[in-house]
Amino acid sequence: MNNELTAQELHQIAMNHIGKELEEKGFEFIAINSQLKKHPQFVCVDAENKLHFVMVSAVLYPNNPSEYDTLFMETFVNHANKKNATVLFAGVGIANSTDFNLPITKQSDYTINYEGIQTIS
């Protein structure tokens, strides 16, 4: 029996982390899509009613959570501009807290490497 977390489960951890931050910052959710590789994950508005598309990326150690596919992001920003929306990127690094080189299982604790939401233009 393999107890390693799936890519979708890791993505859900990242989604929960970012969703809480967006709530704390006063964003109001219009739509949430938690499916892996479906963008954006959050469509929301801020206190000034400005539309934001939030992309969430969960990556495993040793990958850098702040890096993203620039070609895809360019295409996505163009789409957002047509909707008069701002693109926000939230990269969340996840690792086994006991040993970063071990897989993350349903029984293990994990640690998060997250540097905040980036505005992409």
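Phenylalanine 72 and phenylalanine 76 both belong to helix 2 (residues 70–82), where four residues, about one turn of the helix, lie between their positions. Helices (H or I, at least four residues) and strands (E, at least two) are DSSP runs, numbered from the N terminus. The structure is a predicted model, in which local features need pLDDT of at least 70 and side-chain atom pairs count only at pLDDT 80 or more, while totals for chains, interfaces and linings use all residues. Residues are numbered from 1 along each chain as its sequence is written, and side-chain values use heavy atoms, with hydrogens and water left out.

**Aromatic pairs**

- Five aromatic pairs are found in a search of the whole structure. The pair of phenylalanine 72 and phenylalanine 76 is stacked, because the ring centres are 6.1 Å apart and the planes stand at 20 degrees.
- Rings of Phe, Tyr and Trp (its six-membered ring) pair if their centres lie within 6.5 Å; planes under 30 degrees apart count as stacked, over 60 as edge-to-face and the rest as tilted.
- One aromatic cluster is formed by Phe53, Phe72 and Phe76.
- Phenylalanine 72 is partly exposed, with a relative accessible area of 36%, whereas phenylalanine 76 counts as buried at 6%. Here buried means under 20% relative accessible area, exposed over 50%, and partly exposed in between (1.4 Å probe, protein chains only).

- Phenylalanine 42 is part of strand 2 and counts as buried, with a relative accessibility of 3%.
- Leaving aside neighbours within four places in sequence, phenylalanine 42 is in contact (heavy atoms within 4.5 Å) with residues including Met15, Ile18, Leu22, Phe29, Phe53, Val54 and Val56.
- The C-alpha atoms of phenylalanine 42 and threonine 75 are separated by 17 Å, and the two residues are 33 residues apart along the chain.
- The largest nonpolar core has 18 residues, of which Ile18, Phe42, Val54 and Val56 touch the most other members. Two or more residues of this core come from each of helix 1, strand 2, strand 3 and strand 4. Helix 1 provides the largest share of this core, six residues.
- Apart from this core lies another, of eleven residues, among them Val43, Phe53, Val87 and Phe89.
- A nonpolar core is a set of buried Ala, Val, Leu, Ile, Met, Phe, Trp, Tyr and Cys residues joined through side-chain atoms within 4.5 Å.

**The largest pocket**

- The volume of the largest pocket is about 480 Å³. Such a volume is the space filled by probe spheres set on the grid points, which are joined across faces, edges and corners.
- On a 1 Å grid over the protein atoms alone, a pocket is an open set of points with protein on both sides within 12 Å along at least five of seven lines, whereas a cavity is a set of points where a 1.4 Å probe fits but cannot get out; lining residues have an atom within 4 Å of a point.
- The lining consists of 20 residues, and Lys37, Val56, Ser57, Ala58 and Val59 lie nearest the centre of the pocket.
- Helix 1 (7–24), strand 3 and helix 2 each supply at least two lining residues. Strand 3 gives the most, with six residues.
- Twelve of the lining residues are nonpolar, five polar and three charged. Ala, Val, Leu, Ile, Met, Phe, Trp, Tyr, Cys and Pro count as nonpolar, Asp, Glu, Lys and Arg as charged, and the others, Gly among them, as polar.

**Backbone features in the loops**

- Histidine 39 and proline 40 are joined by a cis peptide bond, with omega about -5 degrees. Proline 40 is placed in the loop between strand 1 (28–32) and strand 2 (42–45).
- A cis peptide bond also runs from tyrosine 61 to proline 62, with omega near 10 degrees. Proline 62 is in the loop between strand 3 (51–60) and helix 2.
- Asparagine 49 is not a glycine, yet has a positive phi of about 65 degrees. Asparagine 49 lies in the loop between strand 2 and strand 3 and is exposed, with a relative accessible area of 61%.
- Asparagine 84, again not a glycine, has a positive phi of about 60 degrees. The loop between helix 2 and strand 4 (86–96) holds asparagine 84, which is exposed at a relative accessible area of 58%.
- Threonine 98 is in the loop between strand 4 and strand 5 (110–113) and is exposed, with a relative accessible area of 69%. The C-alpha atoms of threonine 98 and tyrosine 110, twelve residues apart along the chain, are separated by 7.8 Å.
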